Amino acid sequence: MPMKLFTYFRSQASFRVRIALNLKGLKREDTFLHLEHGDQYAPEYKKLNPQAVVPTLFDGDLKLFQSLAILEYLEETHAKPPLLPQGAAARAWVRGFALINVADSHPLIVPRVRNYLAGTLKLSDEQKLAWIQHWLELGLEAMEVLLAEHKESGTFCHGDAPTMADICLATQVFPARMFKVKLEPYPRTTGIYETCMAIPAFADAAPPKQPDAEKVA
Ligand SMILES: N[C@@H](CCC(=O)N[C@@H](CS)C(=O)NCC(=O)O)C(=O)O
């Protein structure tokens, strides 16, 4: 039975889950929520996801939420191909790298934060864009340094196959491109991004490829 994903094409957290499902060869059925139209606040969806965010993934009756927890679940239930390397040290590095995006950059640019900046704090479009670019740049700077010092990085963040680190690198660079961040200072990061996006599992998961896609700004 395919898993059921509540998703939105622009959602970077959903993008992470789509990549992981694709890499592991798992079929899914999508239910689309339009976050800019406020579908996430519909009472029937808030009952499923009290944070009013996507993704939510159902594996049968089991409800899964928070993209990184979902990736960990998929890893534990479908071992191949692995999204975490062997060894505690390497796994800690990959998880730490992934969290730069998941925990420290992405939460600052999600729609509810952008809406608060514009609606409550009355920031102009220009100020809001500067905010988004700032937090994305800080994450990219850290990623670039970590990739430079990490002996196992090269084609991918760690080793010779994509891991959770690459998935979360992709969801850092994709919005950075969308929001016109200057990417020249991050050649290692963008090189890995290009490599990943040439892999069908990543490319097919990208926002413009989703059935609910509108023009990606
Ligand atoms: N930390 C959560 C983030 C979930 C999240 O904020 N998702 C965004 C889309 S990427 C969302 O649904 N936002 C709705 C809103 O901000 O109103 C995860 O990784 O799953």
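Reply: Strand S1, residues 3–7, is mostly covered, with four of its five residues buried. Buried here means under 20% relative accessible area, exposed means over 50%, and partly exposed lies in between, for a 1.4 Å probe and protein chains only. The model is a predicted one, in which local features need pLDDT of at least 70 and side-chain atom pairs count only at pLDDT 80 or more, while totals for chains, interfaces and linings use all residues. Residues are numbered from 1 along each chain as its sequence is written, and side-chain values use heavy atoms, with hydrogens and water left out. Strands (E, at least two residues) and helices (H or I, at least four) are DSSP runs, numbered from the N terminus.

S1 runs parallel to strand S2 (residues 28–32), and five bridges join them. Strands count as paired if DSSP finds at least two bridges between them. Within this pairing, Phe6 has Thr31 of S2 as its bridge partner.

A second pairing is that of S3 and S4, which run antiparallel and are joined by four bridges. Here Thr56 stands opposite Phe65 in S4. The hairpin of S3 and S4 has two residues between the strands, and in it Gly60 takes a positive phi near 65°. Gly60 belongs to the loop between S3 (56–59) and S4 (62–65). Because its relative accessibility is 30%, Gly60 counts as partly exposed. Between the C-alpha atoms of Gly60 and Val181, which are 121 residues apart in sequence, the distance is 40 Å.

Gln66 is partly exposed, because its relative accessibility is 40%. A cis peptide bond also joins Lys80 and Pro81, with omega about -10°, and Pro81 sits in the loop between helix H3 (67–77) and H4.

Turning to the helices, H6 (residues 125–149) has 25 residues and reaches 37 Å from its first C-alpha to its last, close to the 36 Å expected at 1.5 Å a residue. The expected span is 1.5 Å times one less than the number of residues. The buried residues of H6 include Ile132, Leu136, Leu140 and Leu147. Helix H4 (88–105), H5, H7 and helix H8 (187–197) are among the elements that cover these buried residues, where contact means heavy atoms within 4.5 Å. His134, also in H6, is partly exposed because its relative accessible area is 38%. In the loop between H5 and H6 is Lys122, a residue with a positive phi of about 60° although it is not a glycine. Lys122 is exposed, because its relative accessible area is 62%.

H7 has 15 residues and spans 22 Å between its first and last C-alpha, close to the expected 21 Å. Of the 15 residues of H7, 14 are buried. Lys180, which follows H7, has a positive phi near 60°.

The largest pocket holds about 620 Å³ of space. Of its 31 lining residues, Ser11, Gln12, His106, Val110 and Pro111 are the closest to its centre. On a 1 Å grid over the protein atoms alone, a pocket is an open set of points where a 1.4 Å probe fits, with protein on both sides within 12 Å along at least five of seven lines, and a lining residue has an atom within 4 Å of a point. Grid points are joined across faces, edges and corners, and the volume is the space filled by probe spheres set on them. Helix H1 (12–23), helix H5 (111–119) and helix H7 (164–178) each supply at least two residues of this lining, which divides into 18 nonpolar, eight polar and five charged residues. Nonpolar covers Ala, Val, Leu, Ile, Met, Phe, Trp, Tyr, Cys and Pro, charged covers Asp, Glu, Lys and Arg, and the others, Gly among them, are polar.

The second largest pocket has a volume of about 160 Å³. Its lining has 13 residues, with Pro82, Leu84, Ala161, Pro162 and Thr163 nearest its centre. By class, this lining comprises eight nonpolar, four polar and one charged.
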